[in-house]
Every structure is written in C-alpha cells, then in structure tokens.
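User: I would like to understand the terms applied to this model, with each value set against its definition before any conclusion is drawn.

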Amino acid sequence: MSSQNTSTIKSKHKSPTWKPKIAIITCTHQRFSVFQHFLRHIDLCHYYFKPNLFVGGHEEGHRKELEKCRLKTTWVQAENKPLGKKFNTVLRAAKKCNPDYVFITGDDDIYNDRFWKQYQEAANQGFHFIGLLDAFLVDVETASAKYFPGYSRERKGETLGAGRMIHKHLLDIFDWELWENGINSGLDASMTKTLSHLNYMSLAIQGLSQNVIMVDLKSDVNIWSYNNWYGLTRNLEEVSNIFGQPILKDYGKNINTNYNIQQTCKPAQAIAPIK
C-alpha cells in the first residue's frame, strides 16, 4: 500500500488467542441519539480485544453519556473545528494507554460480531493496517438503507475512513498525527496521503462477501448526508439480517447501565486464513 520505498515496517505474528490492546478513537458533535446507539454497540469489541475508548467533544451531555459505556473510556475535551485537529488531539491522547493498535471510527458507525473477529485474526497475522472497502448506510429518520460498494475511479481500492485499524509502529513514525490539522472534510484521503510513502502489511476487506459488516448511521447532521452517497437501495430488514440484529432496535432510547446487545445471528465461525 505504498508508492515509495522510503520505510519498511516489519511484521510479527502473534498467537491466535492473542487479544490486542486497542485504543478506539472517535469524535462526537450533536446527534445525541446516534452517539447513544454507537455506545450500545461498540461494547461487542471486548470479546476479541482489550479496548479503551477515547471520545473527543465539547458537549456536556455527550460526556455524561460516555460514562454509561462499559468499556474503559476517556473524554477528550476538544472543539469541533477544525476536524483534522480534533481527531489528532484524540489520537495523541490515545497514545497514553500504549495500545497495540488504534481503531478509528465515527460516532455514527456500528459493527457486527464477525467484523471484530476478522480484525482480531488480521492483527494476529501481523497486519499493520486493516480496513474495510464497503459498508451499509442507514438513514435513522426514514429507516432507508443502501449498500455502498466502495470508492471508484482513482480511489478504487482505498479503504473507508471509519473502520481503519493501525499499528502503533506506524503511528510512531508520524508522531501520532495522521491528519492535516486545518481540514474539516476529506479526512480519509488526508490519512491515506500521510501513510502513502511507507511499505507495510495492509489488508483491505470486502466486507459483504465475508459478513464483515459496518453500518453508517445517517441523521440530519453529517459531513456527507445519506443522499450524497451512491449505492444500491436495500431493505432495512434485509440489512439487519445480514448485520445479525435489528439495526435500529432501541434507537433514541436512554442507555441503561445494564444494557445488553443480543446477537440474533449465529456465532461467528472460524474464518479462512487471511492471504
């Protein structure tokens, strides 16, 4: 995944039972119900990782809601703009927990059980960069859904910004700063540019074909609205069946500290070795 050979990162294979320590980083702004739904679902990752969740924001309601999450959490006080600086601030805060990997997500993205299992296996295989090529989008206001197959043209093969997991050795090279500080959009491309001159083991997953599913929840506050994304229209019930549980179940409801995400799909089976 590199255009120049200026630096090479070596790989180490881990035990198949190794649970990597990850720092999950995200930023939040408005859309409180979406953030609540994210917090309900992010808990699934602890079956496969040792997670610490870092959230950047400036709204007191979101900070208090974060306290209900069952993962280890850290609130990072940060203004919303510029967004590149906001994410870099959270990323630097995450360095303090000394993670093996950093997992980057929006506060409007949810992931199924198979997703986390696949990422754990990829980490155990020694990949330094793991990402997803495709995703589902769900409009929470209209319950509409569509499938985004991935970037095209000159960006074909580039992973989505949400769902990228990066090894700490890559982050050390850039002093834990992946984005241009002054930008408010184009964060995916900014990170890709930052990493483009390195040689390292990377894995880009076509999720739908392997039941490795990310769902991006769209509301009335987004950098890119639901209608700005091209994709194939899908029935929400169909997407929920693929995901493994009703996607909008309990959406908009308060989080109970004893909440539990029930898996309605079959447990993830052992997957084929990653090539």
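User: What makes two residues a contact, and what share of the contacts between residues at least 6 apart in sequence joins residues at least 24 apart?

Analyst: Two residues are in contact when they have heavy atoms within 4.5 Å of each other. Among the protein's contacts between residues at least 6 apart in sequence, 80% join residues at least 24 apart. This is a predicted model, in which local features need pLDDT of at least 70 and side-chain atom pairs count only at pLDDT 80 or more, while totals for chains, interfaces and linings use all residues. Residues are numbered from 1 along each chain as its sequence is written, and side-chain values rest on heavy atoms, with hydrogens and water left out.

User: How many helices and strands are there, and how do you know what counts as one?

Analyst: Helices (H or I, at least four residues) and strands (E, at least two) are DSSP runs, numbered from the N terminus. The protein comes to eight helices and 14 strands.

User: Why is Gln210 called partly exposed?

Analyst: A residue is buried under 20% relative accessible area, exposed over 50%, and partly exposed in between, using a 1.4 Å probe and protein chains only. Gln210 has 32% relative accessibility, so it counts as partly exposed. Gln210 belongs to helix H7 (residues 207–210), and, leaving aside neighbours within four places in sequence, it is in contact with Arg114, Gln118 and Ile205. Of these, Gln118 is 92 residues away from Gln210 in sequence, with a C-alpha to C-alpha distance of 9.1 Å. For the protein as a whole, buried residues make up 54% of its 275 residues.

User: What makes the buried residues of H6 line one face of the helix?

Analyst: In helix H6 (residues 187–195), the buried residues are Leu187, Asp188, Ser190, Met191, Thr194 and Leu195. Viewed down the H6 axis they fall within an arc of 165 degrees, so they line one face of the helix; the arc is that of the directions from the helix axis to the C-beta atoms. These residues pack against helix H3 (83–94) and strands S5 (101–104), S7 (129–132), S10 (164–167) and S11 (198–199).

User: How do you know that S2 and S3 pair, and in which sense does the crossover between them run?

Analyst: Two strands pair if DSSP finds at least two bridges between them. Ile25 stands opposite Phe54 in S3, and the chain crosses from S2 through helix H1 (residues 32–42) to S3 in a right-handed β-α-β crossover. Right-handed here requires that, with the strands pointing away from the viewer, the path from the first strand over the helix to the second runs clockwise. S2 also runs parallel to S5, joined by four bridges, with Ile25 opposite Ile104 in S5. Strand S2 (residues 21–27) is mostly covered, six of its seven residues being buried.

User: What makes a set of residues a nonpolar core, and which residues have the most contacts inside the largest one?

Analyst: A nonpolar core is a set of buried Ala, Val, Leu, Ile, Met, Phe, Trp, Tyr and Cys residues joined through side-chain atoms within 4.5 Å. The largest has 40 residues, and Leu53, Phe103, Trp116, Tyr119 and Met165 have the most contacts inside it. Its largest share, five residues, comes from H4. Apart from this core lies another, of 28 residues, among them Ala94, Phe129, Leu171 and Ile183.
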